[in-house]
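Please walk me through this structure.

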Amino acid sequence: MKELITKAITERIVIQFEYDGFTRIVEPFTLGIHKTTNNTVLRCYQIGGYSESKRTIPWRLYDVSLINSVQLTSQKAENNREYYNPKDKDMSFIICCV
């Protein structure tokens, strides 16, 4: 799954996956290791699907171990979004980023 997410980040492809039983459609930006949990996490910009928080800024951080059914879509992801920081403050190590 990490390989598919890395491909989506480097090739700027929107992905779709299941998380907590709901579909999420996102532009992936950064894959890394969370600074406190040491879990592999994905920082992305959610453009569709379910959102429990319904926050106005659609940046999300997902635990990769809880992501299911990752699919590459035919849609291209944006290269830049407001507030994107490739040196993500929640990650101690960056595996891949835009």
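Strand β3 covers residues 40-49 and is mostly covered, with eight of its ten residues buried. Buried means under 20% relative accessible area, exposed over 50%, and partly exposed in between, with a 1.4 Å probe and protein chains only. Helices (H or I, at least four residues) and strands (E, at least two) are DSSP runs, numbered from the N terminus. The model is predicted: local features need pLDDT of at least 70, side-chain atom pairs count only at pLDDT 80 or more, and totals for chains, interfaces and linings use all residues. Residues are numbered from 1 along each chain as its sequence is written, and side-chain values use heavy atoms, with hydrogens and water left out.

Now the partners of β3. Strands β2 and β3 run antiparallel and are joined by nine bridges. Two strands pair if DSSP finds at least two bridges between them. One of the pairs is L31 with L42 in β3. Strand β4, residues 59-63, is also antiparallel to β3, with five bridges. Here R43 has L61 in β4 as its bridge partner. In a regular strand the side chains alternate between the two faces of the sheet.

Most residues other than glycine have a negative phi, and most peptide bonds are trans. N38 is exposed, at a relative accessible area of 54%. R12 also has a positive phi, near 55°, and is not a glycine. R12 lies in the loop between α1 (2-11) and β1 (13-19). Is R12 buried or exposed? R12 is buried, with a relative accessible area of 8%.

H34 belongs to strand β2, residues 22-34. H34 is buried, at 15% relative accessible area. A polar atom of the H34 side chain lies 3.3 Å from the backbone nitrogen of T37. What does H34 contact beyond its neighbours within four places in sequence? The list is N39, V41, L61, D90, M91 and S92. Contact means heavy atoms within 4.5 Å.

D90 is placed in the loop between β5 (67-76) and β6 (91-97). At 17% relative accessibility, D90 counts as buried. Leaving out residues up to four places away in sequence, D90 touches I33, H34, K35, R43 and L61.

W59 is buried, with a relative accessible area of 9%. Its side chain reaches the backbone oxygen of E82 at 2.9 Å. This is a polar contact: a pair of N or O atoms within 3.5 Å, where within protein one must be able to donate a hydrogen and the other to accept it, and residues adjacent in sequence count only if both atoms are side-chain atoms. Not counting residues up to four places away in sequence, W59 touches F29, R43, C44, Y45, R81, E82, Y83 and Y84. W59 and C44 are 15 residues apart in sequence, yet 5.8 Å apart in space, C-alpha to C-alpha.

A search of the whole structure finds zero disulfides, a disulfide being a pair of cysteine sulfur atoms within 2.5 Å. For C44, the nearest cysteine sulfur is that of C96, 13 Å away. C44 is buried, with a relative accessible area of 0%. For C97, the nearest cysteine sulfur is also that of C96, at 6.6 Å. C97 counts as partly exposed, at 31% relative accessibility.

Finally, the whole chain. The chain has one helix and six strands, in the order α-β-β-β-β-β-β from the N terminus. Its radius of gyration is 12 Å, close to the 13 Å that the globule rule gives for 98 residues, so the chain is as compact as a globular protein of that length. That radius is taken over C-alpha atoms, and the rule is 2.2 Å times the number of residues to the power 0.38. Of the 98 residues, 43% count as buried. Among contacts with a separation of 6 or more, 59% come from residues 24 or more positions apart.
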